[in-house]
Amino acid sequence: MQCRVFQTYRPVGMMNGFHMLDDERIPMTSTTARVAIVTGGARGIGEAIARRLAADGCAVAVVDLREQQAAETAQSIRDDGGTAIAIGADVSDEAAVAACVARVADALGAPAILVNNAGILRDNLLFKMTSDDWDQVLDVHLRGAFLMTRAVQKHMVDAGWGRVVNLSSTSALGNRGQVNYSAAKAGIQGFTKTLAIELGRFGITANAIAPGFIETDMTRETAARVGVSFEDFVAGAIAQIPVGRAGAPADIAAAASFFCAEGAGFTSGQVLYVAGGPTA
Ligand code: NAI
């Protein structure tokens with residue numbers, strides 16, 4: 001139960017269909033849930049992280065452009081006994097981000113954990129890449145992580161505790177056809193290290209996970225785009241992976257769970273390659 005904590009957090013009561021905080025009825029020493037936000041939490045790696053943090057005892061806000069799918073993920077977490085809400089938001093939209101974080105604070109309490117996972121691909125070789133392909137990828141990954149972290153950090157600073165986990169990628173080291181994505185994912189690493197330096201004194205850690213090949217809709221869509229069956233695409237990836245299998249979203253969720261744990265408070269500014277072998 002890594003997200004449970006003796007703190008000034010308050011136990012949850014019910015209001016307006018959400019689990020709400022209730023300052024009046026709660027002893028300060030109650031064991032209560034940390035509030036976690038997972039962007040891009042509707043499916044894939046984000047969904048697995050949201051499920052894992054809920055299983056660890058967090059109250060989770062599943063934030064995604066795909067509002068309906070986010071709602072289904074949150075419902076399924078609640079069906080399993082967890083606490084979760086869904087919020088439809090575009091992480092690259094400043095006003096949407098502000099509204100989203102305010103809603104999480106209202107519905108669940110001050111966010112203490114932020115996982116910047118939302119992502120898109122717009123792959124192409126440099127000479128064919130449009131400015132829009134470049135801008136969209138940088139907007140979602142980098143601007144999105146920046147806007148979300150800036151909006152959430154105030155709650156973490158006030159609480160004197162926080163965990164930021166950012167999704168990088170092995171593509172940060174360079175990958176043909178991904179000049180935009182690779183720049184964004186390398187940028188995420190610098191962003192993470194600077195967050196660690198700036199926010200460490202407030203009890204906040206920031207770390208990045210750089211996954212290798214993970215079987216999700218994102219990699220499925222890439223296979224379809226290059227005209228290869230997903231089975232062949234996965235087999236090609238596995239041939240390069242020392243542990244001899246593709247990654248699963250749960251592999252990344254396990255790393256996120258560690259970074260968010262109470263005991264990871266001295267681990268900050270790190271980039272963990274979760275790729276089935278040595279990468280960097
Ligand atoms: P996915 O495409 O299955 O899921 C991404 C989610 O992000 C989707 O639900 C999508 O709706 C959401 N999203 C996209 N743009 C958004 C926006 N502007 N605002 C809010 N939500 C938005 O992708 P997957 O595979 O689960 O990847 C998750 C993260 O892990 C991404 O950052 C990706 O770049 C990274 N990653 C994935 C790898 C893989 O092999 N699948 C490898 C390395 C990194």
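Strands β5 (residues 35–39) and β8 (residues 111–116) pair in the parallel sense over four bridges; two strands count as paired if DSSP finds at least two bridges between them. Within this pair, valine 38 has valine 115 of β8 as its bridge partner. The model is predicted, so local features need pLDDT of at least 70 and side-chain atom pairs count only at pLDDT 80 or more, while totals for chains, interfaces and linings use all residues. Residues are numbered from 1 along each chain as its sequence is written, and side-chain values use heavy atoms, leaving out hydrogens and water.

**The sheet**

- Strands of a sheet pair through backbone hydrogen bonds, either parallel or antiparallel.
- Here, seven strands form an open sheet with parallel pairing, in the order β7-β6-β5-β8-β9-β10-β11.
- β7 (83–88) and β11 (271–274) stand at the edges with a single partner strand each, so one side of each has no neighbour in the sheet.
- On average, neighbouring strands are turned by 20 degrees against each other, direction ignored.
- Strands (E, at least two residues) and helices (H or I, at least four) are DSSP runs, numbered from the N terminus.

**Helices on the sheet**

- Helix α2 (residues 67–79) packs on the sheet and touches β6 (59–64) and β7, where contact means heavy atoms within 4.5 Å.
- The direction of α2 makes about 175 degrees with that of β7; axes are lines fitted to C-alpha atoms, for helices over the stretch in contact, and angles run from 0 to 180 degrees between N-to-C directions.
- Helix α4 also packs on the sheet, touching β5, β8, β9 (162–167) and β10 (204–211), and its direction makes about 165 degrees with that of β8.

**Around the ligand**

- Arg43, Asp64, Asn117, Tyr181 and Thr216 come nearest among the 29 residues around the ligand, with a residue counted as near if one of its heavy atoms lies within 4 Å.
- The largest share of this shell, three residues, comes from α6.
- A ligand nitrogen atom is 2.9 Å from an N or O atom in the side chain of aspartate 90, and a polar contact is a pair of N or O atoms within 3.5 Å.

Note on methods: Polar contact = N/O pair within 3.5 Å; in protein donor to acceptor, adjacent residues only side chain to side chain.
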